Amino acid sequence: MKTFEIKEDFLVDGQPTKLISGAIHYFRMTPAQWEDSLYNLKALGANTVETYIPWNIHEPIEGQFDFEGMKNINDFVAVAEKMGLMVILRPSVYICAEWEFGGLPAWLLKEKGIRLRSTDPRFMAKVRNYFQVLIPRLVPLQITHGGPVIMMQIENEYGSYGMEKDYLRQTRALMEEFGVDVPLFTSDGAWEEVLDAGTLIEDDVFVTGNFGSHSKENAAVLKNFMARYGKKWPIMCMEYWDGWFNRWNEPIIKREAADLAAEVKEMLELGSLNLYMFHGGTNFGFYNGCSARGTTDLPQVTSYDYDALLTEWGQPTEKYFTVQKAIKEVCPDVWQAEPRQKNPIDLGTYPVSANVSLFQIKDQLIDAKESAYPLTMEEAGTGYGYMLYSATLKNYHHESKLKLVEASDRLHIFVDREHQVTQYQATVGEELLISGQMKQEVMELDVLVENLGRVNYGFKLNSPTQSKGIRGGIMQDIHFHQGYKQYPLMLNKEQLEKIDYQAGSNPKQPSFYQIMVELNEVEDTFIDCSDYGKGIICVNGFNLGRYWNCGPNTSLYCPKELLKNGQNEFVIFETEGVEIHQLSFSAVPTFNV
C-alpha cells in the first residue's frame, strides 16, 4: 500500500515527489468524458488530478442525497486511479469555482439570518448532516485505505471571506470524526492578510496558495509565511490559473500559450502546482455562478471553457502542447504521450415540430403554491431556474401604478398576458403604469422571474439578494397587493414530460418549442443559438444550460452521451418573445463578437 506524507517535500512511499496536477470537475462533464480527460492529463506529464465536490449537487433538497451519474465522485476517482493518477479532493462546503452560490445549497436560505461559513450553530448542524453522508463515501478512497486520494481541503479561500478560526477547526473536526486521515490543507491567495485569516498553520494544517503568475514572488510570500511558524513545507500552488472564466455581454478572456508555459516552468522549478483548469467543462443546467462588482451582479456563461489546456469539449489546445514541453524541460523523467483528440460534428438542421405558451400550460406543469404575499424561489421551490408569479388585480379602468419591491434577478412583467417591460438589476423596482381591458373588472398579472445565478465569491455571499424571486412584494397604486400563485419552473424531466404542445401557442409569450431529431449517428456537437433570444435548451430531458443573445457565447455544447441513435427530443424554453423556427447544429462553437 502506498504512503503519502508532507515534510520538507511531498513524500510518496518515502520518495520526494513533485506534484504535477490538473483540475477536472467531474460534475461539469458527462461520465463518458472522464476517461479521455484523465488520460490526457496523464499524457501531459501529470501525476495527480484535483477536483472540488459541490454540496449543492449532492444534497439538492435538504436531507435528499444524490451520488449517481455525473455526481458519482467514487466512479470518477476510480477512473483516475486506473490512469495511475493520485487524487486531491476538495470537499469543503464552499468551493467558489464560479459555481452557483459557491457550491452552497439554495435551501440554506430558508433559514432566515443564517451566517454562512461560520460557527452559527444552524449552519454547522447542516454541515454535519452533509458530512456524515459524504465523508464516509470518501474514506475508502484515501491512500491510507489503499486508494489514490492523498490530500483533502478543509475550506477554500476562507481568508478572502472571514477569519473565524473556530469555524475552520470545527470543520476539520467533523472531517476527522467521520474518517478523514490523509493530510488536510487550506488554499488562499498569496498575500499576508488572507493567509493570516484563512489558514490553520498554527494547528499544523498544510498551507497552499492560489495564483497564476509571478511565481517567484508568490512562492516567496508562502515560504516566508510558513517560516514565521517554523514550517519548512514544500511550496504548492493549489490553483495555478491558466485562463479565466467568462461573463455574459463581456469579451472572451484569453491567455497566450507561451506566457503560460514560461510561468509553469518557473513554478515547477520552485515547487508543485495544480493547473486550474486543466479541463473546464460546462455549467449544465442552472449551476453557473455569478461575480459581483460593486452593486452589480455579473452572471457567468454556461461554457466553463476557461481557455484551459483542453477546450470545453476536451480537445487539446496549443496551451496543452506548450505546457507539456515545459513540464518535460523541468522534469525530464516524466511519462508523456500524444493526447486523445475530440472532434465534434454538425448534425444538421431540423424544424420546430410544435410550440406552446407557458401561460396556457402553467397549471398542467405545476401545482401552484398559494400565499397572501409572494414567496421566494427557495420558499416555493428549489431556488433554481424560474418562478412564475400570478395574481389577479382589480381593474380601475384607468392607468394604475405597479411596482415590484426587492426582486432578483430578471423579471418579465405581463398584464393580461401582454408583455409590459423586462426589469433587470438597475431597473428592478421602477414604477410602471398598467391598464386593463375596458370590459374586464380584473387584470391578470404574470411575472416570470429568472435566477441568473447566485454570487459565488466575495462580500455578497451573505447578501439578501442571494434569495431569488420576489422578496418584498408587489404594489398596486401605493399598497401591497395580496393573493398570489407561485409556479416553480425547474424544467426537469418530469416537468418537460407534462407539456401539452396542443394547448395554444403565442410566440410573444414565454414559450416551449419542441424539435424531434432522428439521428443515425451520435457525436459531440453544438447547438447554434445565435438566432434565439434568451432561455435554456433540454435534450432528452437533460438541461444543457442557458443561452443569451448578448453573448459572448451563442451556442451550447451537447456531449454525444446525451444523444441516442433514433429519435431525440429537444425542448427550447424561450423567454424573450423571439419566435423559433428551427434547431441547427454546428461542428464548432459560435460567438457574438
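In what order do the 6 strands of the open sheet stand? The legends below start there.

**View 1. An open sheet runs in the order S16-S25-S17-S22-S19-S20.** This model is predicted: local features need pLDDT of at least 70, side-chain atom pairs count only at pLDDT 80 or more, and totals for chains, interfaces and linings use all residues. Residues are numbered from 1 along each chain as its sequence is written, and side-chain values use heavy atoms, with hydrogens and water left out. The 6 strands pair in antiparallel fashion; two strands pair if DSSP finds at least two bridges between them. Strands (E, at least two residues) and helices (H or I, at least four) are DSSP runs, numbered from the N terminus. Strand S16 (369-371) and strand S20 (418-424) each have a single partner strand, so one side of each is left without a neighbour in the sheet. On average, neighbouring strands are turned by 20 degrees against each other, direction ignored. Axes here are lines fitted to C-alpha atoms, for helices over the stretch in contact, and angles run from 0 to 180 degrees between N-to-C directions.

**View 2. Strand S19 meets its antiparallel partner S20.** Look for the 6 bridges that join S19 (residues 410-415) to S20. Val-415 stands opposite Glu-418 of S20. Follow the chain on to Gly-429, in the loop between S20 and strand S21 (432-434). Leaving aside residues up to four places away in sequence, Gly-429 touches Lys-403, Leu-404 and Gln-423; contact means heavy atoms within 4.5 Å.

**View 3. A second open sheet has the strand order S15-S26-S31-S28-S29.** Its 5 strands are antiparallel in their pairing. Strand S15 (354-357) and S29 are the edge strands, each pairing on one side only. Helix H10 (residues 358-365) packs on this sheet and touches S15, strand S26 (511-519) and strand S31 (566-574). The direction of H10 makes about 80 degrees with that of S15. Elsewhere in the sheet, 6 bridges join strand S28 (residues 534-539) to S29, and Cys-538 has Asn-543 in S29 as its bridge partner.

**View 4. Lys-165 and Glu-202 form a salt bridge.** The N to O distance between their side chains is 3.0 Å. A salt bridge is a side-chain nitrogen of Lys or Arg within 4 Å of a carboxyl oxygen of Asp or Glu. Lys-165 lies in helix H5 (residues 165-177) and Glu-202 in the loop between helix H6 (192-198) and strand S9 (206-211), so the pair ties together parts that are 37 residues apart in sequence. The structure holds 39 salt bridges.

**View 5. Some backbone angles deserve a second look.** Most residues other than glycine have a negative phi, and most peptide bonds are trans. Asp-13, in the loop between strand S2 (10-12) and strand S3 (15-17), has a positive phi of about 55 degrees. The peptide bond from Tyr-276 to Met-277 is cis, with omega near -5 degrees; Met-277 sits in strand S11 (residues 272-279).
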